[in-house]
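Colleague: Could you take a close look at one part of this model for me, the aromatic contacts and what surrounds them? Please give the cut-off behind each term as you go.

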Amino acid sequence: MDYSQFFNTALNRLHDERRYRVFADLERIAGRFPHATWHSPKGSRSVVIWCSNDYLGMGQHPKVVGAMVETATRVGTGAGGTRNIAGTHHPLVQLEAELADLHGKEASLLFTSGYVSNQTGISTLAKLIPNCLILSDALNHNSMIEGVRQAGCERQIFRHNDVAHLEELLIAAGPDRPKLIVCESLYSMDGDVAPLGKICDLAEQYGAMTYLDEVHAVGMYGPRGGGIAERDGVMHRIDIVEGTLAKAFGCLGGYIAGRAEVIDAVRSYAPGFIFTTALPPAICSAATAAIRHLKTSNWERERHQDRAARTKAILTAAGLPVMSSDTHIVPLFVGDPEKCKRASDLLLEDHGIYIQPINYPTVAKGTERLRITPSPYHDDGLIDALAEALLQVWDRLGLPLHQKSLAAE
Ligand SMILES: *Cc1c(COP(=O)(O)O)cnc(C)c1O
């Protein structure tokens with residue numbers, strides 16, 4: 001039997017559909033974010049990263065790096081076991097307390113990643129609720145979809161951010177059926193925000209539990225970085241908040257936060273929590289340092305919003321097809337997988353600008369895009385250079401520009 005053919009056929013399918021992925025081999029330079037070295041097939045080159053999810057540059061913050069180095073030096077590298085068998089270490093316990101406090105909840109629980117927290121968190125919660133009906137937003141992240149799927153219970157998908165549709169489903173389910181609403185606060189491919197106040201109203205009215213993914217908002221929104229729910233004043237009305245330590249907090253790991261008995265039950269039943277080694281102490285200390293810093297420092301949040309606004313304004317004024325977004329995400333419409341990949345390649349090779357193409361299945365076919373994420377450290381010069389490079393690439397690929405607005409002249 002020729003087993004290789006199965007894999008080659010699968011790979012060829014991706015090549016045919018223009019969605020075979022190539023990873024850029026990068027080496028970030030602490031202290032010079034967003035500058036990095038790209039180890040290209042033709043040698044090393046200096047590039048500027050414009051698509052990092054280290055949104056605030058906390059992955060290079062001296063307090064965060066310092067905490068990681070200090071802790072590793074003091075207590076060593078790995079956790080040495082699962083949480084139950086020697087792996088529950090003090091920096092991890094401190095981090096869980098920090099996260100509970102961040103979201104104003106009684107307790108929190110740490111996982112290996114945000115992905116795992118959604119997958120094992122949602123499936124475990126729903127399995128513990130008899131006859132649970134999951135109501136899930138149509139654009140939820142793959143980790144949530146996997147959690148819902150593994151829950152094995154009935155699920156219904158409501159149209160993206162459509163509270164009227166959600167209400168219909170809640171009414172149809174009836175007051176006696178246990179219901180779990182699963183959604184994100186900030187959808188990171190379009191940069192739009194869920195109507196959380198209204199969702200909480202519905203949840204209370206129809207007796208549903210709420211599970212909110214704040215992965216793209218923690219650290220960045222709310223006066224202490226508690227996310228969109230904190231910003232909108234509804235954090236206390238959300239039953240379970242889920243977040244990551246890998247994006248704005250610049251480290252690694254995921255978590256859920258909520259009432260004590262909910263967290264204790266997930267701790268006691270979730271396979272993806274129980275049967276895996278705990279996160280290393282150095283990572284936990286670094287994450288705690290990042291969270292603590294962002295609880296009191298608004299500089300990063302304000303500068304982040306300012307940079308995103310300027311990037312949108314400059315690109316829009318240049319006639320580039322910036323998709324409307326309410327947040328720090330700057331999506332640039334391409335609408336063709338081949339051209340999206342080509343645009344990304346040209347930016348990197350000719351301009352030293354790294355923006356990974358976003359193609360199907362991450363976004364719907366026909367909505368391929370470049371997803372730009374300005375950070376506090378992308379200065380005016382870098383933004384202007386980005387606009388200039390994009391215009392040249394748009395011209396070379398024959399991509400359409402909008403009419404320049406008069407205001408931009
Ligand atoms: C990135 C992401 C996750 C996964 O978080 P990781 O910590 O990277 O595993 C979960 N939800 C959403 C919406 C994400 O974009």
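Modeller: I would begin with Y377, which is partly exposed at a relative accessible area of 26%, where buried means under 20%, exposed over 50% and partly exposed in between, with a 1.4 Å probe and protein chains only. This is a predicted model, in which local features need pLDDT of at least 70 and side-chain atom pairs count only at pLDDT 80 or more, while totals for chains, interfaces and linings use all residues. Residues are numbered from 1 along each chain as its sequence is written, and side-chain values use heavy atoms, with hydrogens and water left out.

Y377 belongs to one aromatic cluster with F33 and W299. The structure holds four aromatic pairs, a pair being rings of Phe, Tyr and Trp (its six-membered ring) with centres within 6.5 Å, and planes under 30 degrees apart counting as stacked, over 60 as edge-to-face and the rest as tilted. In one of them, the ring centres of F33 and Y377 are 6.3 Å apart and the planes stand at 85 degrees, so this pair is edge-to-face. Because F33 lies in the loop between β1 (26–28) and β2 (35–40) and Y377 in the loop between β16 (369–372) and α15 (380–397), the pair ties together parts 344 residues apart in sequence; helices (H or I, at least four residues) and strands (E, at least two) are DSSP runs numbered from the N terminus. F33 itself is buried, with a relative accessible area of 10%.

F111 and F273 form another edge-to-face pair, 5.8 Å centre to centre and with 75 degrees between the planes. This pair links F111 in strand β4 (residues 107–111) to F273 in helix α11 (residues 271–274), 162 residues apart. Both partners are buried, F111 at 3% and F273 at 6% relative accessibility.

Leaving aside residues up to four places away in sequence, R307 touches P374, S375, P376, H378, D379, D380 and I383, contact meaning heavy atoms within 4.5 Å. The side chains of R307 and D380 are also joined by a polar contact of 2.7 Å, that is, a pair of N or O atoms within 3.5 Å of which, within protein, one must be able to donate a hydrogen and the other to accept it, residues adjacent in sequence counting only if both atoms are side-chain atoms.
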